[in-house]
Amino acid sequence: MSTTSNTTTKSSLVNDDELQKVFDQFDANKDGNISVSELRDVLKAMGSSYSEDELKRVLEDIDTDKDGLIDFSEFSTLCRSSSDEVTAALEMRDAFDLYDQDKDGLISNKELHLVLNRLGMNSSVDDCARMIKSVDSDGDGNVNFEEFQKMMSASLMNNDKGSKP
């Protein structure tokens, strides 16, 4: 019995008609492209709030022809090839949002202290301030999403190195 016959690729799980329906939901003006504002509007309707800069970064990552828009080809490539990456990015955002209690896009030492203690990890506000200082690359006394991503990526890489024989 061949294992390839039992394996379903991600690309075969999503057909073009389903992708076109999702794409059309984003493409509000029906011009065949998704703009930054259309992306923002759909994400806002789904309960997510991203800054204009965050949306532009997302667009830059997806927009392979660099025309400032996401066409159907770019959209379908994203959906088919990187669902694991998208899931990881969403999980990273959810983790950040857990700590960002006041939803200002920053994790303060007080927010970190509150969440860590809720999770049963007893730490002082001063301990949290030291933790933040160690990853606070812009020196504002808080952790923004970019700093959080770098910290988590470094942590994951260190864990991978430690688990190898």
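Visitor: Let's start with a salt bridge: which residue does Arg-93 pair with, and how far apart are the closest N and O atoms?

Guide: The general idea is a side-chain nitrogen of Lys or Arg within 4 Å of a carboxyl oxygen of Asp or Glu. Here Arg-93 pairs with Asp-97, with 3.8 Å between the closest N and O atoms. Keep in mind that this is a predicted model, where local features need pLDDT of at least 70, side-chain atom pairs count only at pLDDT 80 or more, and totals for chains, interfaces and linings use all residues. Residues are numbered from 1 along each chain as its sequence is written, and side-chain values use heavy atoms, with hydrogens and water left out.

Visitor: Where do Arg-93 and Asp-97 lie, and how many residues apart are they?

Guide: An α-helix has 3.6 residues a turn, so residues three or four places apart point the same way. In this case both sit in helix H6 (residues 83–99), 4 residues apart, or about one turn. Helices here are DSSP runs of H or I with at least four residues, strands are E runs of at least two, and both are numbered from the N terminus.

Visitor: Is Arg-93 buried or exposed?

Guide: Buried means under 20% relative accessible area, exposed over 50%, and partly exposed in between, using a 1.4 Å probe and protein chains only. Arg-93 has 11% relative accessibility, so it counts as buried, while Asp-97 is partly exposed at 25%.

Visitor: Which other residue pairs with Lys-150 in a salt bridge?

Guide: That's Glu-146, with the closest N and O atoms 3.4 Å apart. Elsewhere, salt bridges with shared partners link Glu-54, Arg-93 and Asp-97 into one network. The structure has 5 salt bridges, including one between Arg-40 and Asp-41 at 3.8 Å between the closest N and O atoms.

Visitor: Which residues of helix H7 are buried?

Guide: In H7 (residues 109–118) they are Glu-111, Leu-112, Val-115 and Leu-116. Looking down the axis of H7, these fall within an arc of 125° (taken from the directions from the helix axis to the C-beta atoms), so they line one face of the helix. Exposed Lys-110 and Arg-118 are on the face turned away from that buried side. Just after H7, Gly-120 has a positive phi of about 85°.

Visitor: How many helices and strands does the chain have?

Guide: There are 9 helices and 4 strands, running α-α-β-α-α-β-α-α-β-α-α-β-α along the sequence. Of the 165 residues, 27% are buried.
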